[in-house]
Structures are given as C-alpha cells and as structure tokens.
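Subject: Structure handover

Hello,

I am passing the structure on to you. Please open it alongside this message.

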Amino acid sequence: MTRVVLALTRRSLRGSLRRPQFLAPLVIFPMLFLAVNVGGLTETTSLEGFPAVRGFLDFQLAGALTQSLLISGVTTGIASALEIEGGFFDRLVASPIPRVAIVLGRLVATGLLAGVQVLFFLGLGLLFGAEIVGGVPGVLVVLAIGVLAGIGFGAIGQAIALRARNASTVQGIFPLVLVVLFVSSAFFPRALLSAPADSIARFNPLSYLADGLRDPIISTVSLAPVLEGFAAAAGIAAVAMALSVLALRGRLREA
Amino acid sequence: MATIDVRGLEREYKSGLKAVRGIDLAVAPGEVYGFLGPNGAGKTTTVRMLVTLLRPTGGSATVAGFDVSTEPAQVRKRIGVALQEAALDLLMTGRELMELQATLHGLAARSVRGRADDLIGRVGLSQAADRRVATYSGGMRRRLDLAMALVHEPEVLFLDEPTTGLDPTSRATLWDEVRRLRADGTTVFLTTQYLEEADQLADRVGIIADGLIVAEGTPAALKAEIGLPHLDVTFMECPDLGHARDLLLAFGKLRPAPDGVDVSVAVAAGAAEIAPVVRVLDEAGFTVAALELVEPSLDDVFAEKTGRHLEGAAQPAATPA
Amino acid sequence: MSRMQLAVVAALVRRALNEITRVPGAAIPGVLAPTIFVVGLTSVFGQVDRLAGFGEVDFRTFVVPVGFLQAAGFTGAATGVNLARDIERGWFDRLLLCPAPRLTVLTGVVASAGLRCLLPVAFLFAVALATGVPFPGVDGLLVALLLVMGLASTLACFAVTLALRFRTQQAAPLMQMGAFAGVLFTPAYAPEELLAGWLEAIATVNPVTHVLAGVRQGFVGEVTWGDTWPAGLALAGMAVAFGAFAARGLRRYSS
C-alpha cells in the first residue's frame, strides 16, 4: 500500500513539475496580489486596531500563502479531472490497488508541494525584509499547518474533479475560491473588516487557518491561534478527504 | 496563362524544417488539380502559401495572375478557400455566416442573399440554414464551409482535404459540387490523401512526398506508367496449375501471384476480359473460387515513386468478380 | 477608412457581441467580476480611509474607478483569449483570407472590447450608486466612460499581441496578469503619498496612473482640464504603442 501511494505520489509530482503552466499560478498570482496589497496598503499598520507587527508585508505573508495553497488545491483538481478525461484514472481503478491509495497518492504529492510553497513564501518574505518572529519553531508550526491545509484543499479539488469529471468545471470554481478567501481575515485583521466581510469572516475556516499561519510569523508562537489554525486545517482536510473517498465510491458504483 | 503558376516554391520553418523544398506546378484555367500525398508531405503548407496565409521563403507563385507575396489582397479577392478544420463560429447560423463571409469580401449582405440561398440549397443545408452551426454534424459543417468559400464567386477554389473523416453522404455531396464547379469552369486546387478522391475528381494529379513533387499527370497516364490491370485467379481445389497457366497465357503476360492467389495475369482490356477468362477456365473443368480484377492505383504510382504506401491505401483497389 | 472596411469592422464587432447575447450565462462572471472586486475590496480594506491622506473621500468611492479599469482589463484580456481560441480553431485564417486590409480586421477585433467593457462598467456603476457612491457628474461620467473604453481597446491590443505570438489559449494567464498588473500598479488602493516607496515609483511611470486619475476625478472632486489631458495623452500614447505591437504581430503572423 505504502509503495503504491509513493509511486502515485512520484507520478503526480513529476506531472506537476513537467507542466510549468500548472505551477506558475501557484506562485505568480499570490506574489502579484502580495505586491499590490503591500505596496498600496503599507501605511495601514498604523490604524487603530491593527495588531502589533513589524510591517504590512509580515502581516500579508500568511494571506499570500493561504491563497497559494488554495490555488494548488484547484490545480490538483484540474490534474485529477484531466486524468479522468484522459482515461488514465480508469486504468488505475482497474488495477488491483486499494482505492484509497489512488486518492492518497495525489494528496501526498500536494502535501509535499505545500511544504515547498510554505518555504518559498517565507523565503520571499525574508528576502524583502520581513522577519519570522517565531524563529525555527515558528517555521515548523507554519510548515505543519500549511502541509495539512494543502492536503485538505487538494482533497476538495479532487472531490470536485471526481464528481464533475471535466477540467473546465474545476477551473470554473477558481473565482469562487478567491471570493471565499477574500471574506476571511487572510488579508486584513478581523477587527478592521467592514460589513459583510466581518461577520462572514467569523465563521470562515480560512480566517482561522490564515491567523494560525500568521501568528508564528508576526509574534512568538502562541497557543490559541496556532491550535485554531491546526483545527481549521485538520477540519478541512478531514471533511474534504471524506468527500473525496465518497466521490470515488460514487464514481465506482456508476462505473 | 496558367491560373496557378508555381515556380521553385519553398518554405522553411524557423525550426529549420523544410516542409516544401522547391516545387513547380501549373494549373490551367478550369482545371481540377488533385494534390495528393500522405500527412506531413507538405500539402497543407503549399496550400497555405498559395492562399496567402503563409509567406514563401523561396521561389514564387501566382494565383489568378497575381503574386501571392507581393499582391496578396488581389489574390484573396479572387480565391475561395475551404481549409481542413472547417473553422466556423458555432454561435452563428449558417445563413448569418454566409452573410458575414460576403461582408468580409466587400459585398453587401443584401446583394448576395439570392446566391447564398442557392449555395445553401446546393450543399443540402436549406433546412438547417437558420439553425446555429453548433447543432450541425461534421459533414454539414464541411458543406457549409464549401458554400461560404463560393459566396463571392471566386475564380479559383482551394479545398484542403475536404472529405477527410466525412460520412459517405457528405462526401458524395461534396464530390458532386466539385464536379459541378468544374462544369461551370471554376479552377479547383484540391488536396487529398485519398486516392479515390483524386482519381474521381481531378483532371491532373501531382503527388507530393517530403516536400517535393514526385509524379504528375492525368490519373490514367500515371497509372499507365505503372502497368496494365491484372486478374488474380484462385481455384476451388488443388488443380493442375500448369495447365491453368497455359490457358491464361493466351490473355496476357503472367505475373508473380500474390499470397493466396493461384494465377495472376495482366489483361490489357481490363473488365472486358473477365467473362472470356471464366469461360475458358470453366470449359477446361476448373472451378474458380475467386477472381479479382486489380486496377493499378495511384497508390501503386506512389509506392513506385517513394517506396512507401499512402495512409489508408494499403489495400489495392479491387473489383470482386 | 472606406465604407467596405467600416462594414467589415461592424460585422466583426457584431460577431464579438454574440458571445454576450447568445450564450446565456457566459457573460455573467465577466460582468460581475469588477463589482465583486469592488465590494470585496471595500468590505475588507474599507477602514483604510481613516488614514490621513484620503481626506473626505471614503474607500468605496475611491476604488469604484479602479473597478472601472478592472472591467477594461478583464475585457481586454478576454479579447486576447477569444482571439487565441479563434486562432486555435482556424477561424482567424478565415478573417485573414478576406481582401480587406489586415489592419481592418485588427480594428474590428479590438473595437469590440471598447463596447463590451460597458456592460460590467454599467453594472458596477449601478451597484455603486445604490450603495451610496456619489454621482460623478455628467462630465465626470462621460470622461470616465471614454477613458475606460479606450483603455479596454488598448489592453485588447496588448492581449491580441500575445495571442498572435503564442497562438494558444494557454497564454491566457499572461494576458490577464499583464492587464491586472497594469491596472493595479497605480495608486489603486490609496493616494500616492500613502504608497510604499517602490510602488509609488512604479505608479509614477505607469501611464495607467494618469488614466485612473482621469476616471477618478469626477468621483472624488471636480472634473478639471488638468486631470483630463494627461489621462487622454497617456491613453493615446499607450494606444499607439500597443496598437503598433499588435500590427507588427499581425504582420509576423503569416511570415
């Protein structure tokens, strides 16, 4: 089982690396957004109610990272859908490997990629003058939450792909994903949001995820936000993987 | 003067690939010229140069008296083009597309309405004219494409593989239309990878392989170059083959018999020889299991010139007896 | 331009508008996007206007003109994507086979963008007025609409250049991000004096900054000649430059 998962993981990773048009959006969209936000809103850290941070870039890194992980989830979905369209998926299903391994193979790859995304954005922040106040333990916490969340988003993408079976539908959810991210505290402190984002953000798991990713960057690791972040990431991952497995089962029944 | 006059035409892509390596050809007014070759031989590249969509990198070509490189707008005015993909806007109706095509060619949509209706009828789309193209089958799209190519009454019509992948009905409609155009005096340049199509429609055929024309002439002349038709005879039980050969020798030269065939004999008169052959064999007590008249095909010409077969033409044209 | 050429341009514009009138639903995301962008931006970053530098202007009013420019950007990019699709499907060959000068064909393709962008702009404007953004005055609205239509056509030239170069819809992210960056690397979120130094430097040399100022003037104050002529000049300069690129792209397309 492990060997099968690893083989499928390797295959997925190789697939992503050989398709730069899939990898580029993970980096370029969040970076562009980050640049525009930081450049335009740099003075907002002086607003009353803004948490104590060294700079707006430090604050925004978690937002960019969350965005990148979400896009990676959509990309995972598109890759799965292409696999279904192309017929490779049926070949996998027809082979004597456990069903769960099929789901897990791609998700482990997405998780590994998430680790790279975390390190990339933290590195980018350091390069442009941000500081990771939480130090090495902080980085490890961000890595752990980020990988878990990456797997969760990947599972959502995969579940949608298994239901929709075509890449353009999965592609179509992309703007929706960005809207959900927007009405969270990923890009601005929750205390400073206006209606309707303020009330939605309170129930949006992405708020807790982004705040959990942010805490170790802008302060020493504190228990509450980090635990909330873990809980949000784990919740997303658990629900999404359950959906993914259910969708796979539904697909098998029809087939 | 030739309607299409091509001299030393070359096309080299930036990658260094030479798709067309210096071809000469001349198509007379009113002639249907079949341009035959396998995929990747340079057919489409040649057509794209002749219709001004691609600039030649060497040589020259004139169409309807105008140079494709220096007077492309004059060429475009005088040609109709139906390219391989039958590129149509799926959101528009057949009639709207006809009118758009007229506008693109500088004609007022109103002034061509009668002709557009006539063309739509000729390609059998009258019922579908006001439906969106998205609802058309592949064959209907090709037929509409052909009608669009004709709306401005071009002097020269270019058809790039007009029937590739088509159902037999659509193919027959297109063939009929090409024959009709020939009768009207339109010059037609037709590329195809189907031997039968070139054989049926073309006055003259040019065979292209690897960017060069390897043979040119009327279908009949090209086939004659290769040889006579022959009869392949197979008997019911193991007979006295020597005796059979002696009998058949009276009709023509014997050839090496292919696998599964007992005797093969070249017959100058073709189909007219079938009955006498059967009669002679029958009288001598032979029971014929199968008898095939095999015409030399353009594929034989192609194989003779290039050592390869055309795609989809591995089977020689056969007439079962 | 002769009557025949005008007829060709009109026919191509009509055809481009088919996508809106004949595909129910297809136009909706494009129409809604700028409005969602403005509403989201306002509810997330709305408190920014408490910063000195905004004066009396509230953030919503400040970003509605950015939404107008976004509409131009989306429409311009979509024009390029549609052309790439037409190239992929062979339809563009049909246009090139018509005897009208090829610049006429280009004009038809690009002119449609100027008209199409009016739909999302109108929707955004209605929502803005309904949510309390002051009417910019007839002069302010007219200047804004002319500039936005011009910008849409100009950005369409940019996207068309990329489409002619790459000849595939896979170049879509390049077109979208180019338009996105052009519009947002300006004083989009805050007045110039509040921008980070590097963004202020970029915004100063970005001609879209002048266009934005021209569109924004009626919303945040009086329409003045001093804000109008730089906008017109900057737009004309961009139009000439991108128009020349597109024309060159068209010339190279067949060679």
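Below are the findings, taken by topic.

**Basis**

This is a predicted model, in which local features need pLDDT of at least 70, side-chain atom pairs count only at pLDDT 80 or more, and totals for chains, interfaces and linings use all residues. Residues are numbered from 1 along each chain as its sequence is written, while chains are lettered from A and ligands numbered from 1 in the order in which they are written.

**Confidence in chain B**

pLDDT is the predictor's confidence in each residue, from 0 to 100. Chain B averages 85 on that scale, and 95% of its residues score at least 70. Helices (H or I, at least four residues) and strands (E, at least two) are DSSP runs, numbered from the N terminus. The pLDDT is below 50 over residues 312–321 of chain B, a stretch that has 18 contacts in the model beyond near neighbours in sequence. A contact here is two residues whose C-beta atoms, placed from the backbone, lie within 7 Å. Where pLDDT is low, the predicted coordinates should not be read in detail.

**How the chains meet**

Two pairs of chains touch, and the most contacts are between chains A and C. Chain A and chain B do not touch; their nearest C-alpha atoms are 19 Å apart.

Between A and C, 24 residues of chain A are in contact with 27 residues of chain C. On the side of chain A, helix H2 (20–41) and helix H8 (174–182) are the elements that give two or more residues. The largest share, nine residues, comes from H2(A). By class, this side of chain A has 17 nonpolar residues, six polar and one charged. For these classes, Ala, Val, Leu, Ile, Met, Phe, Trp, Tyr, Cys and Pro count as nonpolar, Asp, Glu, Lys and Arg as charged, and the others, Gly among them, as polar.

**Chain A and its annotations**

UniProt places the feature "domain: ABC transmembrane type-2" (unreviewed entry) at residues 21–251 of chain A. UniProt positions are given in the numbering used here, feature names are shortened, and annotations may be inferred rather than shown by experiment. Over residues 21–251 the chain is 79% helix and 0% strand, with the end C-alpha atoms 28 Å apart.

The same record carries the annotation "transmembrane region" (unreviewed entry) for several stretches of chain A, including residues 61–82 and 173–193. Residues 61–82 of chain A are 100% helix, and their end C-alpha atoms are 31 Å apart. Residues 173–193 of chain A are 43% helix and 0% strand, with the end C-alpha atoms 25 Å apart.

**A helix pair in chain C**

The axes of helix H3 (residues 59–88) and helix H7 (residues 138–166) of chain C come within 7 Å and cross at roughly 35°. Axes are lines fitted to C-alpha atoms, for helices over the stretch in contact, and angles run from 0 to 180 degrees between N-to-C directions. The residues of the contact of H3(C) with H7(C) divide into 20 nonpolar, five polar and no charged.

**Sheets of chain B**

An open sheet of four strands has the order E2-E1-E4-E5 (chain B), with antiparallel pairing. Strand E2 (18–27) and E5 of chain B stand at the edges with a single partner strand each, so one side of each is left without a neighbour in the sheet. Two strands pair if DSSP finds at least two bridges between them. Seven bridges join strand E1 (residues 4–12) of chain B to E2(B), and Glu10(B) has Arg21(B) as its bridge partner in E2(B). E1(B) and E4(B) pair over five bridges, also in the antiparallel sense; Asp5(B) has Thr62(B) as its bridge partner in E4(B). In the hairpin of E1(B) and E2(B), five residues lie between the strands, and Gly16(B) takes a positive phi near 95°. Helix H1 (residues 43–50) of chain B lies across E1, E2 and strand E4 (58–63), running at about 120° to E1(B).

A second sheet, open and of six strands, has the order E6-E7-E8-E3-E9-E10 (chain B), with mixed pairing. Its twist averages 15° from one strand to the next. Four bridges join E6(B) to strand E7 (residues 156–160) of chain B, and these two run parallel. Ala82(B) stands opposite Leu159(B) in E7(B).

Regards
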